[in-house]
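Please read it with the structure open.

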Amino acid sequence: MSFRRPFADRERAFEEAFFRKESARLINAMHEREVRAKQLEALSAAVGIDDLNILNPLADLGVNDDNAAALVLAPLIAIAWADRTLDSDERHALLKAESAHGIDPESESGKLFASWLDRRPHESLIDAWAAYMNAVCDNLDDAERKQLRDDITSRAERIAHSPEKALLRGGGPTEAELAILEKITAAFEKEGSAS
């Protein structure tokens with residue numbers, strides 16, 4: 001006569017349930033990695049950069065191949081939100097920049113930009129943008145790099161010197177805005193030089 005353990009069937013059922021859950025978790029994780037790899041590949045094609053140290057932070061901020069054009073406005077958003085508020089002068093300047101850069105408000109880039117107008121993006125946006133811009137500048141000659149730098153920094157400075165904020169705070173840009181302006185300017189410098 002054979003002796004059966006009274007809980008053997010129950011233990012086996014628990015064990016099988018555990019392994020089913022673990023298998024499903026591993027399959028899901030593998031699927032998520034595959035989706036992320038495809039997203040990064042598409043983003044890489046859109047921005048012309050293949051460095052994962054640059055692409056991953058951008059993707060983490062919601063930038064993808066459909067809305068990557070909004071990156072041109074990232075430094076302006078960062079400067080506008082540096083003091084954690086967005087006033088009407090800044091909003092107007094940002095919307096004007098959106099139009100000047102040919103970004104359709106109904107496009108995916110326009111929608112990402114609108115989300116940045118509505119809610120302050122994560123502070124890492126300026127650092128992710130700066131890394132991206134530094135890599136872009138590696139492919140530009142000095143004149144192109146200077147023209148791009150001058151365009152972006154002049155727009156950022158106009159936002160930092162917003163009349164509405166200057167009137168309220170009684171002066172020029174805040175320390176936070178000056179720090180963002182520094183990051184914007186530094187993004188255009190070649191390694192080992194200060195141009």
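1. Among contacts in the chain with a separation of 6 or more, 71% are between residues 24 or more positions apart. Contact here means heavy atoms within 4.5 Å.

2. Basis of the note. This is a predicted model, where local features need pLDDT of at least 70, side-chain atom pairs count only at pLDDT 80 or more, and totals for chains, interfaces and linings use all residues. Residues are numbered from 1 along each chain as its sequence is written, and side-chain values use heavy atoms, with hydrogens and water left out.

3. Overall fold. The chain has nine helices and zero strands. Along the sequence the pattern reads α-α-α-α-α-α-α-α-α. Helices (H or I, at least four residues) and strands (E, at least two) are DSSP runs, numbered from the N terminus.

4. The chain exposes about 12,100 Å². Carbon and sulfur atoms supply 54% of that area. Areas come from the Shrake-Rupley method with a 1.4 Å probe; for residues, only the protein chains shown count as cover. Of the 195 residues, 34% count as buried. Buried means under 20% relative accessible area, exposed means over 50%, and partly exposed is in between (1.4 Å probe, protein chains only).

5. The main core. How many residues does the largest nonpolar core have? It has 49. Leu94, Trp129 and Tyr132 have the most contacts inside it. At least two residues of this core come from each of H1 (8–47), H2 (52–60), H3 (74–80), H4 (88–100), H5 (108–118), H6 (124–137), H7 (142–160) and H9 (175–186). H6 gives the most, with 10 residues. A nonpolar core is a set of buried Ala, Val, Leu, Ile, Met, Phe, Trp, Tyr and Cys residues joined through side-chain atoms within 4.5 Å. As background, nonpolar side chains in soluble globular proteins tend to be buried together.

6. Trp129. Trp129 counts as buried, at 0% relative accessibility. Leaving out residues up to four places away in sequence, Trp129 touches Leu58, Leu71, Ala74, Pro75, Ile152, Ile184, Ala187 and Phe188.

7. The aromatic pair. The count is one aromatic pair. Trp129 and Phe188 form it, edge-to-face, at 5.9 Å centre to centre and 65° between the planes. Trp129 lies in H6 and Phe188 in the segment after H9, so the pair ties together parts 59 residues apart in sequence. Phe188 is buried too, with a relative accessible area of 1%. The rule takes rings of Phe, Tyr and Trp (its six-membered ring) with centres within 6.5 Å; planes under 30 degrees apart count as stacked, over 60 as edge-to-face and the rest as tilted.

8. Thr153. Thr153 touches Ile184 and Thr185, not counting residues up to four places away in sequence.

9. The whole structure holds 10 salt bridges. Each is a side-chain nitrogen of Lys or Arg within 4 Å of a carboxyl oxygen of Asp or Glu. One of them joins Glu22 and Arg25, at 2.6 Å from N to O. Both residues lie in H1, three residues apart, about one turn of the helix. Glu22 is partly exposed at 26% relative accessible area, and Arg25 is partly exposed at 46%. Another joins Lys146 and Asp150, with the closest N and O atoms 2.8 Å apart. These two lie in H7, four residues apart, about one turn of the helix. Lys146 is partly exposed at 43%, and Asp150 is partly exposed at 32%.

10. In the bridge between Glu123 and Arg120, the closest N and O atoms are 3.3 Å apart. Glu123 is partly exposed at 46% relative accessible area, and Arg120 is partly exposed at 30%.

11. Arg84 backbone. Where is Arg84 found? Arg84 sits in the loop between H3 and H4. Its phi is near 70°, a positive value in a residue other than glycine. Most residues other than glycine have a negative phi.
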